[in-house]
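Welcome! Please take a moment to look over the sequence and the model before reading on.

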Amino acid sequence: MAGPTSLGTNDLMILLALMRLGDDAYGVPIARELEESVGRTVALASVYASLDRLVERGFVETELGEPTAERGGRAKKYFRITGKGIREVRAAKQSLTKLWKGLPQLGGA
Amino acid sequence: MKFLKRLLPSPELDAMLGDITEEARRRSRLWYCGQLLAVLVVCSWRDVRKRPRLALRATSVGFATIVAYEVAGGIVFRVLDVLTNGGYYVSGYWLTLPNVLPDYPASMFVMMGINAFGLMLAGWAIARTHRGQGLAMALPFVVLMAPAPVASAAISTLLTRTNYVFVMHGLPVALLILWPPASILLGGILGTGAATPRERTTS
């Protein structure tokens with residue numbers, strides 16, 4: 001049984017986006033995934049700030065790609081969820097499911 | 001982008017700026033400017049949170065500069081006050097100056113300008129002594145100094161039980177709130193520059 005999760009909503013959304021994107025997870029597609037979910041513009045800087053925290057906690061690892069001309073000669077930074085990160089997402093899902101159980105159905109939601 | 005790199009000389013910034021460049025093709029100019037502003041604010045705060053001791057040192061540099069400026073300014077004002085009100089008697093001559101200071105309320109703006117220059121100097125000193133961090137280390141000082149004029153206005157109003165002079169003369173409140181941060185940031189921008197390799201590694 002997984003323990004309680006320490007992930008915030010933003011962190012959880014980013015980890016889920018990383019899982020969906022797989023090997024193509026860098027700033028732009030991650031931000032697009034989040035924008036589709038929340039329905040508003042997302043600041044890339046805050047996405048990177050969250051990713052930075054997740055890297056520090058060992059939930060995400062990074063790898064630098066090759067510089068490309070369309071990016072002004074700057075390299076992409078790829079992000080990948082680690083095993084520890086996947087366990088944390090599972091724990092978060094279990095916690096949320098537990099909280100959800102027994103609630104009356106949310107009308108219109 | 002070059003200007004942003006000067007304000008935020010972090011090597012981690014490259015990937016983020018690359019993402020913004022790539023995405024900017026399908027977005028508006030407003031989105032682009034908003035993203036760059038967000039990079040400046042978010043990354044600077046991250047820098048401050050990661051290096052609290054350095055931020056404390058930077059804030060101390062800012063306060064020390066302000067105190068030194070106020071002390072020096074106080075001496076200059078004392079000398080000017082004597083010169084315009086009788087003068088100094090030196091070797092049989094009276095050294096005097098005509099009173100060129102404008103009357104109230106114009107003098108209030110002169111004082112604001114003098115204080116703004118002091119805050120600019122503090123911002124410049126912080127950025128100059130923390131060139132490895134660009135403008136980031138000036139931010140805690142900005143946050144601490146921002147409420148100063150408002151607090152001073154509130155205290156004056158409480159003590160004198162009258163409307164504070166700034167309010168009486170219709171000075172926009174936004175200007176009252178914004179001039180200290182703007183002065184510090186302007187000084188900080190002027191103080192940023194290329195860090196030496198030693199500064200980059202030790203900071």
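Here is a short briefing on this structure, arranged by topic. The model is predicted. Chain A and chain B touch each other, with 18 residues of chain A in contact with 17 residues of chain B. Chain B is divided into domain 1 (1-50) and domain 2 (53-202).

**Chain B at a glance**

- Chain B has 10 helices and two strands, and along the sequence they follow the pattern α-α-α-α-β-β-α-α-α-α-α-α.
- Of the 203 residues of chain B, 28% count as buried.
- Among the contacts in chain B with a separation of 6 or more, 78% are between residues 24 or more positions apart.

- Eight residues of domain 1 of chain B are in contact with 12 residues of domain 2 of chain B.
- On the side of domain 1 that touches domain 2, helix 1 and helix 3 of chain B each supply at least two residues.
- Helix 3 of chain B gives the largest share of that side of domain 1, four residues.
- By class, the side of domain 1 of chain B that touches domain 2 has five nonpolar, one polar and two charged residues.

**The largest nonpolar core**

- The largest nonpolar core has 58 residues, and helix 5 (residues 106-129) of chain B gives the largest share of this core, eight residues.
- Domain 1 (1-50) and domain 2 (53-202) of chain B both contribute residues to this core, so it lies between them.
- The residues with the most contacts inside this core include A:L18, A:I30, A:A45 and A:V47 from chain A, and B:I126, B:A138 and B:I184 from chain B.
- To see the surroundings of one of these, look at B:I184: leaving out residues up to four places away in sequence, B:I184 touches B:L119, B:M120, B:A122, B:G123, B:A138, B:F141, B:V142 and B:M145.
- As background, nonpolar side chains tend to be buried together in soluble globular proteins.

**Helix 3 of chain B**

- Helix 3 (residues 29-50) of chain B has 22 residues, which should span 32 Å at 1.5 Å a residue; the end C-alpha atoms of this helix are 31 Å apart, which agrees.
- Its buried residues are B:Q35, B:A38, B:V39, B:V42, B:C43, B:S44, B:D47 and B:V48.
- What covers these buried residues includes helix 3 (44-56) of chain A, along with helix 1 (2-7), helix 2 (13-24), helix 4 (52-84) and helix 6 (139-145) of chain B.

**How chain A meets chain B**

- The side of chain A that touches chain B is made up of eight nonpolar, four polar and six charged residues.
- A:K77 is found in strand 2 of chain A, and with 20 C-beta neighbours inside 10 Å, A:K77 counts as buried.
- A:K77 and A:S6 are 71 residues apart in sequence, and their C-alpha atoms are 25 Å apart in space.

**Helix 1 of chain A**

- Helix 1 (residues 9-21) of chain A has 13 residues and reaches 18 Å from its first C-alpha to its last, close to the 18 Å expected at 1.5 Å a residue.
- The buried residues of this helix are A:D11, A:I14, A:L15, A:A17 and A:L18.
- Seen down the axis of helix 1 of chain A, these buried residues fall within an arc of 160 degrees, so they line one face of the helix.
- On the other side of this helix, A:T9 and A:R20 are exposed.
- The buried residues of helix 1 pack against helix 2, helix 3, strand 1 (60-68), strand 2 and helix 4 (83-100) of chain A.
- After helix 1 of chain A comes A:G22, whose phi is positive, near 65 degrees.

**A loop residue to look for in chain B**

- B:S91 is in the loop between strand 1 (88-90) and strand 2 (93-95) of chain B.
- Is B:S91 buried or exposed? With 5 C-beta neighbours inside 10 Å, B:S91 counts as exposed.
- Phi of B:S91 is near 50 degrees, a positive value in a residue other than glycine.
- For context, most residues other than glycine have a negative phi.

Notes
Residues are numbered from 1 along each chain as its sequence is written. Chains are lettered from A and ligands numbered from 1 in the order in which they are written. This is a predicted model: local features need pLDDT of at least 70, side-chain atom pairs count only at pLDDT 80 or more; totals for chains, interfaces and linings use all residues. A nonpolar core is a set of buried Ala, Val, Leu, Ile, Met, Phe, Trp, Tyr and Cys residues joined through C-beta atoms within 7 Å. A residue is buried if 20 or more other C-beta atoms lie within 10 Å of its own, exposed if 12 or fewer, and partly exposed in between; C-beta atoms are placed from the backbone. Domain bounds come from an automatic or database domain assignment. Two residues are in contact if their C-beta atoms, placed from the backbone, lie within 7 Å. The expected span of a helix is 1.5 Å times one less than its number of residues. Ala, Val, Leu, Ile, Met, Phe, Trp, Tyr, Cys and Pro count as nonpolar, Asp, Glu, Lys and Arg as charged, and the others, Gly among them, as polar. The arc is that of the directions from the helix axis to the C-beta atoms.
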